Amino acid sequence: MGKPYKTIVLEDNFEAARDALKGELLMEAAKAGGFVIEGHAKVNAGSGRPGLQIQSGALVNSIHVEERKKTEKKAEVGVGTNIVYARIHELGGLIIPLNFSKLSWVNDQGQRIFAGAVHIPARPYLRPAMDENEDKIVTAVKTEIQRNLDRATK
């Protein structure tokens with residue numbers, strides 16, 4: 001008598017698996033990675049980075065994930081803010097007067113200060129959130145993809 005054969009059943013879940021990795025479900029995976037960046041950027045902007053001091057909380061509260069591009073095969077999100085001064089904090093730069101000969105502001109002691117230009121040092125909060133959390137971002141994307149595959153193929 002010969003050896004008994006073991007039957008292997010291969011279910012055709014390939015179409016369901018393909019569907020789990022495109023369109024809106026792919027966007028959900030991209031957003032999962034974006035939310036990791038968003039969370040760490042908010043921590044950084046909320047005093048996690050030297051030089052950044054919370055005045056109103058507007059910068060922290062404005063950091064968000066938004067869908068940028070979604071096709072059946074690609075999903076892209078952006079993480080950022082629409083606050084005007086966000087860029088100067090992230091990158092640093094020189095502020096010069098446009099309509100007057102001098103810049104003017106009142107300091108913490110109530111004194112009026114005048115200057116021809118002001119150099120703002122870079123106080124990055126967004127880029128480090130991405131650079132320092134690459135593994136967490138990849139894990140979040142993989143976890144969402146796996147969850148979508150599991151749901152689709154069960």
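This is a predicted model: local features need pLDDT of at least 70, side-chain atom pairs count only at pLDDT 80 or more; totals for chains, interfaces and linings use all residues.
Mentor: Residues are numbered from 1 along each chain as its sequence is written, and side-chain values use heavy atoms, with hydrogens and water left out.

Trainee: How do you know how many helices and strands the chain has?

Mentor: Helices (H or I, at least four residues) and strands (E, at least two) are DSSP runs, numbered from the N terminus. The chain has six helices and six strands. Along the sequence they follow the pattern α-α-α-β-β-α-β-β-β-β-α-α.

Trainee: What makes glutamate 38 and lysine 42 a salt bridge?

Mentor: A salt bridge is a side-chain nitrogen of Lys or Arg within 4 Å of a carboxyl oxygen of Asp or Glu. For glutamate 38 and lysine 42 the N to O distance is 3.9 Å, so the pair meets the definition. Lysine 42 has 27% relative accessibility and therefore counts as partly exposed.

Trainee: Why are glutamate 38 and lysine 42 separated by about one helical turn?

Mentor: Because they are four residues apart in helix H2.

Trainee: What makes arginine 127 and aspartate 131 a salt bridge?

Mentor: Their side chains meet at 3.5 Å, N to O. They are four residues apart in helix H5, and so are separated by about one helical turn. Arginine 127, at 46% relative accessibility, counts as partly exposed, and aspartate 131, at 41%, counts as partly exposed too.

Trainee: How do you know that lysine 74 forms a salt bridge with glutamate 76?

Mentor: The closest N and O atoms of lysine 74 and glutamate 76 are 3.8 Å apart. Lysine 74 is partly exposed, with a relative accessible area of 38%. Glutamate 76 is partly exposed at 32%.

Trainee: How many salt bridges are found in the whole structure?

Mentor: The search finds eight. Some residues are linked in a network of salt bridges, namely Glu28, Lys31 and Glu67.

Trainee: What makes a pocket, and what is the volume of the largest pocket?

Mentor: On a 1 Å grid over the protein atoms alone, a cavity is a set of points where a 1.4 Å probe fits but cannot get out, while a pocket is an open set with protein on both sides within 12 Å along at least five of seven lines; lining residues have an atom within 4 Å of a point. Grid points are joined across faces, edges and corners, and a volume is the space filled by probe spheres set on the points. The largest pocket has a volume of about 630 Å³. It is lined by 23 residues, of which Gln53, Gln55, His89, Ile120 and Arg123 are closest to its centre. Strand S4 (103-106) is one of the elements that supply at least two residues of this lining, and S4 gives the most, with four.

Trainee: How do you know the classes of residues in that lining?

Mentor: Ala, Val, Leu, Ile, Met, Phe, Trp, Tyr, Cys and Pro count as nonpolar, Asp, Glu, Lys and Arg as charged, and the others, Gly among them, as polar. The lining of the largest pocket has 13 nonpolar, eight polar and two charged residues.

Trainee: What lines the second largest pocket?

Mentor: Its volume is about 190 Å³. The lining residues include Ala30, Ile37, Arg127 and Val141. Helix H2 gives the largest share of this lining, four residues. By class, the lining has eight nonpolar, three polar and one charged residues.

Trainee: Why is valine 141 called partly exposed?

Mentor: Valine 141 has a relative accessible area of 25%, and so is partly exposed. It lies in helix H6. Valine 141 and leucine 26 are 115 residues apart in sequence and 9.1 Å apart in space, C-alpha to C-alpha.

Methods. Buried means under 20% relative accessible area, exposed over 50%, partly exposed in between (1.4 Å probe, protein chains only).
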